[in-house]
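Visitor: I am new to this structure and would like to learn how to read it. Could we look at it together, feature by feature?

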Amino acid sequence: MTMPAAYRQATEARRELIARYLQDGMRIVGIKIALTSPDAQTRLGTDRPIWGWLTDTMEIPDGAVIDAAQGSRLRAEAELVFELGDDIAGPGITRRDVLDATAAIRPGIELPARAERAPALAADLIMRNAMAAHFLVGDALADWRRLDLSLLGVVMEVNGEPASSGCPATVLGHPADAIAAVANDLARQESGTLSAGQLVFTGGITPAVALLPAMTVNANFCHLGRVSLSVAAHPPSEVDT
């Protein structure tokens, strides 16, 4: 199977998955971007980022405690989150268009599913909706235009100890560039748009943390504040809502 055919098949599989979500009463509330580093793209045989759709049922509150069984299936990534104030319809979208359409910036942690077997190609990730599973966001900052978003530092803490740090420049040089790339591909491949009110998780800033029982993860963003979650020591039942 050629790569273009593989991509078409993977995109159709994702479309069918999302259709089932909608039939089950879920709402699309945003999008997550993946493969935002050259190394990750090269490893999975692509030259561009990909995306997965986020639903309302995937969101958990900031500070939530999830059970140990749930946590064992998830990873945690600190990400800069754009809250859109206007639609973004490609192709031809630039960084400036993305920034103009952004109403607020939020700190976030994305919790992608852990794969039993690492995806070999980008198409594998596409058909799995980029491993989207859960996410949480912190308070919105409306007065963000005074900030250089590419240089906002973030420190990831595990059980109160610094584990890693980074800045959004690791996301294709600027996270708005990642959104522009996805908006343009979304228009070309699916005649789709990003909509006002949606949240856009722009890609991991720090290495993913595999969640373990009795673990607390904090993502501390310069100027944006902290967002966190914990994993229970023993498995009660479901994600705490």
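Guide: Let us begin with ring pairs: rings of Phe, Tyr and Trp (its six-membered ring) pair if their centres lie within 6.5 Å, and planes under 30 degrees apart count as stacked, over 60 as edge-to-face and the rest as tilted. This is a predicted model, in which local features need pLDDT of at least 70, side-chain atom pairs count only at pLDDT 80 or more, and totals for chains, interfaces and linings use all residues. Residues are numbered from 1 along each chain as its sequence is written, and side-chain values use heavy atoms, with hydrogens and water left out.

Visitor: How many aromatic pairs does this rule give?

Guide: The count comes to one aromatic pair. Helices (H or I, at least four residues) and strands (E, at least two) are DSSP runs, numbered from the N terminus. Phe135 belongs to strand β6 (residues 134–137) and Phe201 to strand β9 (residues 199–201), so the pair ties together parts that are 66 residues apart in sequence.

Visitor: Are Phe135 and Phe201 buried or exposed?

Guide: Buried means under 20% relative accessible area, exposed over 50%, and partly exposed in between (1.4 Å probe, protein chains only). Both Phe135 and Phe201 are buried.

Visitor: Which strands form the open sheet, and in what order?

Guide: Two strands pair if DSSP finds at least two bridges between them. Five strands form the open sheet, in the order β3-β12-β11-β7-β8, with mixed pairing. β3 (65–66) and β8 (161–166) stand at the edges with a single partner strand each, so one side of each has no neighbour in the sheet.
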